[in-house]
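Please keep the sequence and the structure in view while reading.

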Amino acid sequence: GIINSLKENSINNPELGMYWKEWDRPGYWWYQAPIESQALMIEAFTEISKDQNTIADLKTWLLKNKQTNNWETTKATAEAVYALLLQGTDWLSEERNVVINLGNTTINSKDENQEAGTGYFKKRIEGDKVKPEMGNIKVTILERTPSNLSLPNTSSTGLPSWGSVYWQYFENLDKITFAETPLKLSKKLFVEKNTDKGPVLTPINDGDIINIGDKIKVRIELRVDRDMEYVHMKDMRASAMEPTNVISEYKYQGGLGYYETTKDVSTNFFFNYLSKGTYVFEYPMFVTHAGNFSNGITTIQCMYAPEFTAHSEGVRVEVKAK
């Protein structure tokens, strides 16, 4: 009865696995320990229900948590490793053959130098060999057995696999288009003017002309779908704009603490811990020079898992003297 109740109150995510909503609110009390609690749940389901699919989903959440978070204590790490290696099926003993199709290019894991235990490998493709059709990516996971190395995987052990694709190239800042991962950024500039009803913000659209002396408000909206640690957000600005926040300091808003520092061409935000949710950041600037300028882009990246990165689109701003 208790196991069924736990299962009914759990959250099942196709990517993150199975967990409970209480894990999203970690704290300092003994009962607010999501890593240790998840490990205990894996042990309970292994001993009582013996449902391998459920156990695999529970273990998946632990692994995905480690992808973007630091297990803070030795106790949490020991509990998690115990649950992953000694409960359910033995993931380390299972070998998988991963076939990646990039258009007409095929990469087979059995032909690569894989890391023992994890099966990690990396393939680098030179720029002159990159073709447009490589944007069509297909990943197939095959079960490797002595008798057959080509049949699609049909086992129910739930062994997870993940990977990343990086495309590096040079482009003008104002030509960069919006891109997102589980991190999503949106940046907008506003002109702030005082009226008899108080300050009014008017959005700056592409092609709009602003004036020297205008007060500009930068608004950055950030959405993140999972907890992450050690995240850096960098907001570039046009060379015609000077921020008023020039003192680096630790700030706190909406339950989120972060360190903000202003550099020559950007304002930087450092998050030690970023809970899933939506956040809005604003800071003021003044227009100081006339001309046509690139306003740059806003980028964000999880330092613990560099594959989680996103950026806003690049725009240009035109300034004229009054």
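Leu92 is located in the loop that lies between helix H4 (74-86) and strand E3 (96-102). Together with Val81, Tyr82, Leu85 and Leu86, Leu92 makes a nonpolar surface patch of about 450 Å². The model is a predicted one, and the points below are grouped by topic.

**Nonpolar cores**

- The largest nonpolar core has 35 residues, and those that touch the most other members are Leu183, Ile216, Phe271, Leu274 and Phe281.
- Two or more residues of this core come from each of the following elements: strand E6 (183-195), strand E9 (215-224), strand E10 (228-236), strand E13 (256-262), strand E14 (266-274), strand E15 (277-287), strand E17 (298-302) and strand E19 (316-320).
- Another core, of 19 residues, lies apart from the largest one, and its members include Ile3, Trp20, Trp71 and Ala76.
- Leaving aside residues up to four places away in sequence, Phe271 touches Glu229, Tyr230, Val231, Met233, Leu256, Gly257, Tyr258 and Phe281.

**Salt bridges**

- The structure contains 14 salt bridges.
- One of them joins Asp235 and Lys187, whose closest N and O atoms are 2.7 Å apart.
- This pair links distant parts of the chain, since Asp235 belongs to strand E10 and Lys187 to strand E6, 48 residues apart.
- Asp235 counts as buried because its relative accessible area is 0%, a value under the 20% limit for buried residues.
- Lys187 is likewise buried, because its relative accessible area of 17% is also under 20%.
- Glu192 forms a salt bridge with Lys217, and the closest N and O atoms of the two are 3.5 Å apart.
- Here too distant parts of the chain are linked: Glu192 is in strand E6 and Lys217 in strand E9, 25 residues apart.
- Glu192 and Lys217 are both buried.
- Arg226 is bridged to Asp225, with the closest N and O atoms 2.9 Å apart.
- Arg226 is buried, because its relative accessibility is 5%, whereas Asp225 is partly exposed, because its relative accessible area is 35%.
- Salt bridges with shared partners connect Glu192, Lys215, Lys217, Arg219 and Glu282 into one network.

- The covered face of E19 carries Val317 and Val319, and the uncovered face carries Arg316, Glu318 and Lys320.
- Strand E8 (residues 209-211) pairs with E19 in the parallel sense over three bridges.
- Within E19, the residue that stands opposite Ile210 is Val319.
- Strand E16 (residues 291-294) runs antiparallel to E19, and four bridges join the two strands.
- Gly291 has Val319 as its bridge partner in E19.

**Strand E15 and its neighbours**

- How many bridges join E9 to E15?
- There are ten bridges between E9 and E15, and the two strands run antiparallel.
- Ile216 has Met285 as its bridge partner in E15.
- Strand E11 (residues 241-243) is joined to E15 by three bridges, also in an antiparallel arrangement.
- Glu242 has Phe286 as its bridge partner in E15.

Methods: Residues numbered from 1 in each chain as written. Predicted model: local features only at pLDDT ≥ 70, side-chain atom pairs only at ≥ 80, totals over all residues. Heavy atoms only, no water. Patch = residues over 30% accessible without salt bridge, like charges linked within 9 Å, V, L, I, M, F, W, Y side chains within 5 Å. Areas by Shrake-Rupley, 256 points an atom, 1.4 Å probe, with all protein chains shown as cover. Salt bridge = Lys/Arg side-chain N within 4 Å of Asp/Glu carboxyl O. Core = buried A, V, L, I, M, F, W, Y, C linked by side-chain atoms within 4.5 Å. Buried < 20%, exposed > 50% of the residue type's maximum accessible area, 1.4 Å probe, protein only. Contact = heavy atoms within 4.5 Å. Pairing = 2+ DSSP bridges.
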